[in-house]
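Welcome! Here is a friendly first tour for anyone meeting this structure for the first time. Please have a look at the sequence and the 3D view before reading on.

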Amino acid sequence: MEYYPTIGLEIHAELKTKTKMFCQCLNDPDENHPNINICPICAGHPGTLPVMNKEAIKKVIQMGLALNCEINQHSKFDRKNYFYPDLPKGYQISQYDLPFCINGKINLFLSDNPEISQKEISITRIHLEEDAGKLIHDQINKNTLIDLNRAGVALLELVTEPEIHSAEKAKLFGQSLQLILRYLDASDADMEKGQMRVEVNISLSSKEDALIKKYGTKVEVKNLNSFRSVERAIEFEIQRQTEMLDSKEKIKQETRGWDDVKGITYSQRSKEEAQDYRYFPEPDLPPITVFTNEKETGLFSFDELKMSLPELPWEKKTRLISQLNISNAAAINLIQEPKLADFLEKCVSETQSEVADQTAEDRQKIISLCYNYLTSDLKGLMALKGAKIEELRITPASFSQLISLIYNNKVSSRGAKNILEEMFKTGKEPHLLIKEMNLEQVSDESALKSVILEIINQNPKVIAEFKNGKMNSLQFLIGQAMAKTKGAADPQILKDLFLKELEN
Ligand SMILES: [Zn+2]
């Protein structure tokens, strides 16, 4: 039987704040020495008092505004009680019934398929809590060690409605959220480093039942540390649950882990073992008024926070498409690398300002040249050397000089690639390199004519073949002339000159 999967996501992201959520300890994800950034507050000593990090609250509310959430004017923190060795206080400060943000929605704007990209996913809530420490299992000495550097780091939690119906869309949602976190500078959201963690819940039912929100038994999968594993784990669960339902087995409501090497999920704990967290309001922190209005003084001004939002990825996508007249797919590539997009925009505007008397067609040609040389040639060199765009010795200004040379036929495309490689290595300006490397394209016909005549004299057999209708011979002759001029000749002019000579 065909079943319809319904998927909800729960995503955690470590916020990029200078200090932890409730103390002054540094939040340094790159600190490799254990228990360096700890103090009596985050180590859970009795009698200590937490102090709220306003910057973390700001980042959560900015996320909420970006994701079209309602922001609760009144909010508070709650204690979530449970015992685990990585949680020194015996409870986690989290938010229960009054999260900062509720009822948001976003489109899957990273998809090039309009049917998918117009799909809206509802966000149930976004709240703020603290992260736990890390347990390190020492296999050799059979010990478990505790590192509390991460304990107390501000952690954003986002929960979606069960409105996702395929592994691909779940992956797209996660990727979209990662990009928004990065645009807002709220989190580096590196999944490999555990800065962003995704949990999925999956149930199967008939499509008719899903439409009236009658879902099957929900299975949760944890430990997903890449988008690839999110996709694979969902596909595995759909398969596993389908086989169980087909053989009339009952799905157990449980939490499962993901084994990335074996490519399977495995049972971790069943619902009977689910805990009662005995939530209650955190007595050591005052309730929060979020925004200042006529009656109340709050933590933030709504207008200022709204104004502080940067251009968001889908806004950038729309703008790039309309300003640069590029395809939807090209814009999707660019918004995922905002630094590359910035570089491109600067190159286009510099090149366009250097070229006089442009028609709309000229402007589009410049955009295409900039886009192609940047996304294929320069990115190719970067990938080869493992260089990042901010480390480049090439500036948008020198890159646009190169594009101008290409646009004005001063250099052949082969010559341009050679110059670019040299620019990449040395950071030298292209107008110097073109002379140093002797790559100035020769378009002076009289200078080329002697080369052409020489080649015609040296290749009587090829000439005869050409005159008998073998068109490939012409390419051979042009190739010879290119070699003789070391790539400096304009191939179009060579072609014209050969044809003129051979027709006589
Ligand atoms: Zn601390």
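Predicted model: local features only at pLDDT ≥ 70, side-chain atom pairs only at ≥ 80, totals over all residues.

- Nine strands make up an open sheet with mixed pairing, and their order is S2-S6-S7-S10-S1-S11-S12-S13-S14.
- At the edges you will find strand S2 (70-71) and strand S14 (264-270), each of which pairs on one side only.
- Strand S13 (residues 254-259) is joined to S14 by six bridges, and the two run in the antiparallel sense.
- To spot this pairing, look for Gly-257, whose bridge partner in S14 is Tyr-266.

**A helix on the sheet**

- Helix H5 (residues 227-246) packs on the sheet, where it touches strand S1 (4-14), strand S11 (196-205), strand S12 (219-224), S13 and S14.
- The direction of H5 makes about 25° with that of S11.

- Helix H9 (residues 338-354) and helix H11 (residues 396-407) have axes that come within 8 Å and cross at roughly 50°.
- Because of that angle, H9 is oblique to H11.
- The crossing of H9 with H11 is right-handed.
- On the H9 side, the contact is made by Phe-343, Lys-346, Cys-347, Glu-350, Thr-351 and Glu-354.
- H11 contributes Pro-396, Ala-397, Phe-399, Ser-400, Ile-403 and Ser-404.
- What kinds of residues make up the contact of H9 with H11? Six are nonpolar, three are polar and three are charged.

Methods. Residues numbered from 1 in each chain as written. Pairing = 2+ DSSP bridges. Helix = DSSP H or I, 4+ residues; strand = E, 2+ residues; numbered from the N terminus. Contact = placed C-beta atoms within 7 Å. Axes fitted to C-alpha atoms, helices over the stretch in contact; angles between N-to-C directions. Parallel < 35°, antiparallel > 145°, perpendicular 65-115°, else oblique. Left-handed = near helix turned anticlockwise from the far one by under 90°. Nonpolar A, V, L, I, M, F, W, Y, C, P; charged D, E, K, R; others polar.
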